[in-house]
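The following exercises are to be worked through with the sequence and the model at hand. Each task is followed by a solution in steps.

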Amino acid sequence: DGIHDIIIGGRSHNLLAINGKSGEVLWRYQVIKDNGIKELARFNFFNCQITRDVNNDGLRDILTACGGNAKASPHSMQGRYPGTLMIIDSKSGEIISIDTMPDGLENYMSPVLINERGIEYILYGTGGETFGGNFYKVKFVDLLQSDLSGSKLIIHNPAQGFIAPPTLV
């Protein structure tokens with residue numbers, strides 16, 4: 001209809017698309033119970049990034065991170081599950097591709113898309129407020145293949161993770 005729609009993420013696997021004209025909920029993310037990676041996407045969704053149209057349906061898609069069990073105790077690793085980085089179909093809310101953090105840690109940082117010399121990269125972080133983490137860079141096409149194993153470690157902080165929404169300068 002020519003009016004932008006709205007994607008909202010939040011705690012307890014809240015991720016939804018809202019019609020920008022009518023306010024109608026277009027879709028709401030549903031946790032997938034598959035005893036695998038997709039089931040890990042049941043925690044907090046962080047600021048989404050709009051990507052190019054990766055599934056050729058005429059609509060740009062969504063990059064997001066999901067992780068961070070808000071019910072886990074602050075200074076304990078118990079109840080902390082690997083975070084996920086994922087691409088979501090903006091039309092349906094279904095997962096296009098997904099993988100877990102390469103270090104097995106949870107994540108709280110919103111991913112960032114960048115373009116360097118014509119190559120798309122994703123910057124993302126792991127860890128928490130009370131334990132260490134890592135900051136990574138990976139090719140966007142790697143996530144499209146549901147494979148973060150080629151991520152390059154940029155920096156490690158043993159005392160605190162990379163959790164805040166980033167700003168690039």
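**Exercise 1. The open sheet**

Three strands make up an open sheet with the order β1-β2-β3, and their pairing is antiparallel. The model is a predicted one, in which local features need pLDDT of at least 70, side-chain atom pairs count only at pLDDT 80 or more, and totals for chains, interfaces and linings use all residues. Residues are numbered from 1 along each chain as its sequence is written, and side-chain values use heavy atoms, with hydrogens and water left out.

Task: Identify the edge strands of this sheet and describe how β1 is joined to β2.

Solution. 
- Step 1. Strands (E, at least two residues) and helices (H or I, at least four) are DSSP runs, numbered from the N terminus. Two strands pair if DSSP finds at least two bridges between them.
- Step 2. Locate the edges. β1 (6-10) and β3 (25-28) are the edge strands, each pairing on one side only.
- Step 3. Examine the pairing. β1 and strand β2 (residues 14-18) run antiparallel and are joined by five bridges. Within this pairing, Ile6 has Ile18 of β2 as its bridge partner.
- Step 4. Inspect the connection. The loop between β1 and β2 contains His13. His13 has a positive phi of about 55°, although it is not a glycine.

**Exercise 2. Salt bridges**

Task: State how many salt bridges the structure holds, and determine for Glu106 and Arg80 whether they are buried or exposed.

Solution. 
- Step 1. Apply the criterion. A salt bridge requires a side-chain nitrogen of Lys or Arg within 4 Å of a carboxyl oxygen of Asp or Glu. The structure holds three of them.
- Step 2. Take Arg52 and Glu120. These two form a salt bridge whose closest N and O atoms are 2.7 Å apart. The pair links distant parts of the chain, 68 residues apart: Arg52 is in the loop between β5 (49-50) and β6 (62-67), and Glu120 is in strand β10 (residues 119-125).
- Step 3. Classify their exposure. Buried means under 20% relative accessible area, exposed over 50%, and partly exposed in between (1.4 Å probe, protein chains only). Arg52 counts as partly exposed because its relative accessibility is 35%. Glu120 is also partly exposed, because its relative accessible area is 26%.
- Step 4. Take Glu106 and Arg80. Their closest N and O atoms are 2.4 Å apart in a salt bridge. Glu106 is in the loop between β8 (95-100) and β9 (112-116), Arg80 is in the loop between β6 and β7 (84-88), and the two are 26 residues apart. Both Glu106 and Arg80 are buried.
- Step 5. Take Glu116 and Lys137. This salt bridge has its closest N and O atoms 2.6 Å apart. It links strand β9, which holds Glu116, to strand β11 (residues 133-139), which holds Lys137, 21 residues apart.

**Exercise 3. The largest pocket**

Task: Give the volume of the largest pocket and the classes of the residues in its lining.

Solution. 
- Step 1. Define the pocket. On a 1 Å grid over the protein atoms alone, a pocket is an open set of points where a 1.4 Å probe fits, with protein on both sides within 12 Å along at least five of seven lines; lining residues have an atom within 4 Å of a point.
- Step 2. State the volume, that is, the space filled by probe spheres set on the points, which are joined across faces, edges and corners. The largest pocket has about 410 Å³.
- Step 3. Name the residues. The lining has 14 residues, of which His4, Asp5, Leu59, Arg60 and Ser90 are the closest to the centre. At least two lining residues come from each of β1 and β3.
- Step 4. Sort by class. Ala, Val, Leu, Ile, Met, Phe, Trp, Tyr, Cys and Pro count as nonpolar, Asp, Glu, Lys and Arg as charged, and the others, Gly among them, as polar. The lining has nine nonpolar, two polar and three charged residues.
- Step 5. Look at His4. This residue is in the segment before β1, and His4 counts as exposed because its relative accessibility is 72%.
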